[in-house]
Amino acid sequence: EATLTVLGDAVFVPGSLMEERFNNANRDAVNIGNVGAPDQVNYWTSFDGPVDVANNFSRSVSGFFIPAATGDYVFWTCSDDDSDFFISTNDQPDTKRLCAQEQNYSGALQWLAGSTTMKRSDTWSPDGGTTMPYSGGIHLEAGVRCWIQGVMHEGGGGDNHSATFKLLAAADPANGDATAFVSGVIGHMEAPAVEPIKVSIAKNADGSITVSWTGGGALEAATSVLGPWQEVSSTSPYTFTPQAGVSAMFGRVKK
């Protein structure tokens, strides 16, 4: 008897963001995905991480921002050491755009210190000041999930990492103000659920083979590794006789 696993649909989890921490990695390596599997995975109920946790690491904090109101938004990143903040106006990570950077470092929740113009999206400039593409805010629709990601690097000494936002016309946050990315407006996707399926295979005296399984799904079969797969039974058990001249038969139970 063998146990197979089947992946279900990914699940949206409201109220938290996912932190992936990579030891001895720099920010650029995380941004391009050249870091392998994370050394730690944690979950934040706001975009404000723990202070002074380690040295020589980078992290990615990602998930969704679900705006409560339609409007033009300004975003901040704050960190020790450097960080990038990305946003997409939809739920797709591959459409994210860089909109704020802490280029040196700031103390925890110091929104108006450090890289004061580059760390906020409305004065951030990709060329050092000639252009400010988001000076009019970034327009978002109420209730629409927007992908967000903060990537931060820590060398040595103290460390912190946070991000916040406001509507364009609202007052700026003061140093020390809590992040606005709180549980009511954030979420993340969990990996697809794993559902076990137990499969037993018995060879019968007459040369036939009986396949039994529990956990739902349909039995599919193919006569080569490349398929094509064909459904042979949606109910268990199923008995079949291998085809004459077929050197191998491959099977799977598919949800």
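Student: What should I know before we start?

Tutor: This is a predicted model, where local features need pLDDT of at least 70, side-chain atom pairs count only at pLDDT 80 or more, and totals for chains, interfaces and linings use all residues. Residues are numbered from 1 along each chain as its sequence is written, and side-chain values use heavy atoms, with hydrogens and water left out.

Student: Why is Asn 42 called partly exposed?

Tutor: Buried means under 20% relative accessible area, exposed over 50%, and partly exposed in between (1.4 Å probe, protein chains only). Asn 42 has 26% relative accessibility, so it counts as partly exposed. You will find Asn 42 in strand E4 (residues 40-44); strands here are DSSP runs of at least two residues, numbered from the N terminus.

Student: What makes the link between Asn 42 and Gln 40 a polar contact?

Tutor: The term asks for a pair of N or O atoms within 3.5 Å; within protein, one must be able to donate a hydrogen and the other to accept it, and residues adjacent in sequence count only if both atoms are side-chain atoms. The side chains of Asn 42 and Gln 40 are joined at 3.2 Å.

Student: Why is the pair of Phe 65 and Tyr 73 called edge-to-face?

Tutor: Rings of Phe, Tyr and Trp (its six-membered ring) pair if their centres lie within 6.5 Å; planes under 30 degrees apart count as stacked, over 60 as edge-to-face and the rest as tilted. For Phe 65 and Tyr 73 the centres are 5.7 Å apart and the planes stand at 80°, so the pair is edge-to-face. Both residues, Phe 65 and Tyr 73, are buried.

Student: How do you know that Phe 65 and Phe 181 form an aromatic pair?

Tutor: Their rings are 5.2 Å centre to centre with 85° between the planes, again edge-to-face. Phe 65 is in strand E5 (residues 57-65) and Phe 181 in the loop between E11 and strand E12 (186-190), 116 residues apart.

Student: What makes Lys 96 lie over the face of Phe 86?

Tutor: A charge sits over a ring if NZ of Lys or CZ of Arg is within 6 Å of the ring centre and within 35 degrees of the ring normal. Lys 96 lies over the face of Phe 86 at 4.6 Å from the ring centre, and Arg 21 lies over the face of Phe 57 at 5.3 Å.

Key
Helices (H or I, at least four residues) and strands (E, at least two) are DSSP runs, numbered from the N terminus.
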